[in-house]
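Here is a short report on how two chains meet.

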Amino acid sequence: MSEMSMNTASGADGAAAQPQLREVPAVRMEAVYKHYGDFTALNEVDLKVARGEKIVVCGPSGSGKSTLIRCINHIEKHDEGLIYVNGIELDHQRKNIDAVRRDTGMVFQSFNLFPHMTVLENCILAPMTVSGMSEAEAKDLAMHFLTKVRIPDQAEKFPGQLSGGQQQRVAIARALCMRPKIMLFDEPTSALDPEMVKEVLETMKKLAEEGMTMLCVTHEMGFAREVADRIVFMNEGKVVEQAAPEEFFKNPKSERARTFLDQIIH
Amino acid sequence: MSHFSPTAAVNYFFNYFLMKGVLVTIGLTVAAVIGGLILGMGIALMRMSSNPVLSGFSRFYIWFFRGTPLLIQLVVIYSGLPQLGIKFSVITCALVGLILNEAAYLAEIVRSGFMAVSAGQREAAWALSLSPWVTFRRVTLPQAFRLMIPPLGNSINSLLKATSLASVISVEELMRRSDMLMQEHFQILEVYAAATAYYLILTSVWDAVQRRLEKHFGRSNAAKTRRVAASAPVAQAGVGARA
Ligand SMILES: Nc1ncnc2c1ncn2[C@@H]1O[C@H](COP(=O)(O)OP(=O)(O)O)[C@@H](O)[C@H]1O
Ligand SMILES: [Mg+2]
């Protein structure tokens, strides 16, 4: 709320507000809690992501990584605390939730493509029904992004006819068709056969190079080293540690992060 | 009268009086399916609602109508309700009974169809900021419907035959008119052979329709298991969907 008011400031305040406006973070979470019954899945999480920043979220299974990322586009409702996305407060109001979801794209571990639609139909559904594009416009846009993820020739196929890696690239293209400002990835390569991981990571790297703001839950530490500006390490619902990749991999501060890294880097 | 006369059976088959009964049977079935689907959708939505009153009512409704014979339901509506001053025409009584009964079965089919669509599908739709209506109409409904077709088909097959119970409350559908012919001519086997043939024709036609529906809505699914070659036309991917 306070951040949006900068936007509407006018006159003499305008000049002073300008530099600050650019600093409105892509995501700001303050003391966010999420409970499932008695279980605390997010425990006082604070997180700030600048525009254009690439964050890799890692941590042991069950530490709340998915919950964190799913609260950002309100697929899970947080119980306490504040979440701002591009200055819009996620306060459970329909119009704010819709605004946030239009600004964010999400890629799931299990792809979640619509199996009864072709690749092209998957990509044009939201542009046509949400953004009100004509079919021709939406198809042009979809082909643009399908070309970008290097599968324009699969446009007329159904998801079930594609390999896992191809499906995940379609899922990325489908999200990009809504021209999101932030991309959320929840273990995008965990369900893939090893030989397909690379093609998906390459696509994500390209996206990162173009300046997309990205939050990515992944255990691909090579990707994290190369692409991430910052690693966020979670354990038992808390953000335990945040550091640049070199720093995090060389000398993790917490004992928990050290044992975690030992396990996955063997 | 000591033997079966095929000629008489064929004559009954082409008897106009009986044919009109067939039309009534078809009409009852179609109306009960449409009414039952609309009401059943509502009952299913209530059943899936988080409101305990709505889901409780729906639970009770399904329990009641699936737990009592359609015959009793029809007789109560036809001869019982007038005692309370509620009176409908014969055909309305039959339709009300069939629709109320069918809705209970269809509600469970509709509900299990929607429950079988994975949560990830809805989440993907939300993440794309699709409206609730578009999510329902374009994402969940088509997938749920595909899963509903086989049980829906069975239920409609049963309903088609269950319309014969309306004969008890004097609706002149196929069964009732067979009875009437039989009582007039006493050619029991010949009349019922004609009626049986009609029921078989109706259920077989419905079977064929059901197969076509399954093939049509299963096209993307069949593709999943068959990994159709790049050049194969997608439209053919549904062939052989039923294993
Ligand atoms: N819908 C839910 N109901 C109950 N518990 C849940 C639900 N979703 C997640 N959890 C629990 O919350 C914890 C964090 O889950 P999650 O964010 O998926 O972890 P991660 O992605 O780090 O593996 C887990 O212990 C999980 O069992
Ligand atoms: Mg997870």
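## The interface of chain B and chain A

Across the interface of chain B and chain A, the rule finds 1 salt bridge (a side-chain nitrogen of Lys or Arg within 4 Å of a carboxyl oxygen of Asp or Glu). Glu123(B) pairs with Arg70(A), their closest N and O atoms lying 2.8 Å apart.

This is a predicted model: local features need pLDDT of at least 70, side-chain atom pairs count only at pLDDT 80 or more, and totals for chains, interfaces and linings use all residues. Residues are numbered from 1 along each chain as its sequence is written, chains are lettered from A in the order in which they are written, and side-chain values use heavy atoms, without hydrogens and water.

The contact (heavy atoms within 4.5 Å) takes 23 residues from chain B and 28 residues from chain A. In chain B, Ala127(B), Leu128(B) and Ser129(B) lose the most area to chain A, together 24% of what that side buries. The area buried between the chains (accessible area, 1.4 Å probe, lost on being put together, summed over both) is about 2300 Å². Carbon and sulfur atoms give 64% of that area.

Most residues other than glycine have a negative phi.

Technical notes. Buried area is the accessible area (1.4 Å probe) that two parts lose on being put together, summed over both.
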